[in-house]
Amino acid sequence: MGQFGDKLYQDLQHSRAAGVALTYIFHSGFALETEQAILVFDYWLDPACVMPSLLRRPKPLYVLASHFHEDHFTKDIFEWRQQRADITYILSKDIYRHRRARRMDADVWLCKGGFWTDGTVSVWAQGSTDSGVSWVVETGGRRVFHAGDLNNWYAKFLADAVPGQTIHSDETGEDIDPIAHEKRFLGKLKDIRKVADGFDIAMFPVDGRVGNGYTRGARQFIERFRVGLFVPMHFAGSGFESAWRFSDYAAERNVPFWAISRNGETIEIPDRATAR
């Protein structure tokens, strides 16, 4: 895990994690609450009005955004500073490069390979197959993964793919090489395993809009990592039921699955030894 993470990893291995609560906000947006802090990932919209109550809670707040796409980042998060001062903004550097935010807006800017910690929260920025980064986070005795837009997005083209040839995607208007894309995705997973080989909570895209094979990336993820709880995300356009279809495969791998059914839903994850 590198010089910064080795001691923290060892400490976590010999401790019990306190209970945490994970709330689904919308799309890829989640709030994770531990005894020490609240972390908000990839906030975009808040149909169930989750944030007002979280902003009133007397715990330090950390806000992470994995990349500049509008369904993962909004400037509205900076308005929360008007309500409280103890917010730490941890943003992917591509948000600044695309001029979606000013340098002064974030406390921490990270790109792939970057690391930051304040003793309460530790963050490793990992790769993505789209813009920005994915997140490995350790806090409250838990190790958490948020994929951002890391996924095997072109899996539906693999059945007809020929090595070295591209296929036109009507959705993107681009010519893509699905075999090369999958190899790139699997390479990103290999890189992440150099940091962590298991997660207590993993938030990962299960987006039915991708078409046939839309769960392939999620399947490849849980085949390579130990996962205490798999949490689907990025399904706002295809519906809750589309995400639930992954539950059977997760069960086959003995991986607990959160079948989210509404915006603002919370799952309580009780005290237990962390998943390793």
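## Charges

The protein carries 34 positive and 36 negative side chains, and the centres of the two sets lie 4 Å apart. Here Lys and Arg count as positive and Asp and Glu as negative, with His and the chain ends not counted; each charge is placed at NZ of Lys, CZ of Arg, CG of Asp or CD of Glu.

## About the model

This is a predicted model: local features need pLDDT of at least 70, side-chain atom pairs count only at pLDDT 80 or more, and totals for chains, interfaces and linings use all residues. Residues are numbered from 1 along each chain as its sequence is written, and side-chain values use heavy atoms, leaving out hydrogens and water.

## Overall build

You will find seven helices and 19 strands in the protein; these are DSSP runs numbered from the N terminus, helices being H or I with at least four residues and strands E with at least two. The C-alpha trace spans about 55 × 40 × 40 Å along its principal axes.

Of the 276 residues, 55% count as buried, meaning under 20% relative accessible area, while exposed means over 50% and partly exposed lies in between (1.4 Å probe, protein chains only). Phe221 touches several residues beyond its neighbours within four places in sequence, among them Phe145, Leu189 and Val227; contact means heavy atoms within 4.5 Å.

## Two loop residues

Histidine 27 sits in the loop between strand S2 (20-26) and strand S3 (29-33), and its phi is near 60 degrees. Histidine 27 counts as buried because its relative accessibility is 3%.

Cysteine 49 lies in the loop between strand S4 (38-41) and helix H2 (51-55), with phi near 55 degrees. At 54% relative accessibility, cysteine 49 counts as exposed.
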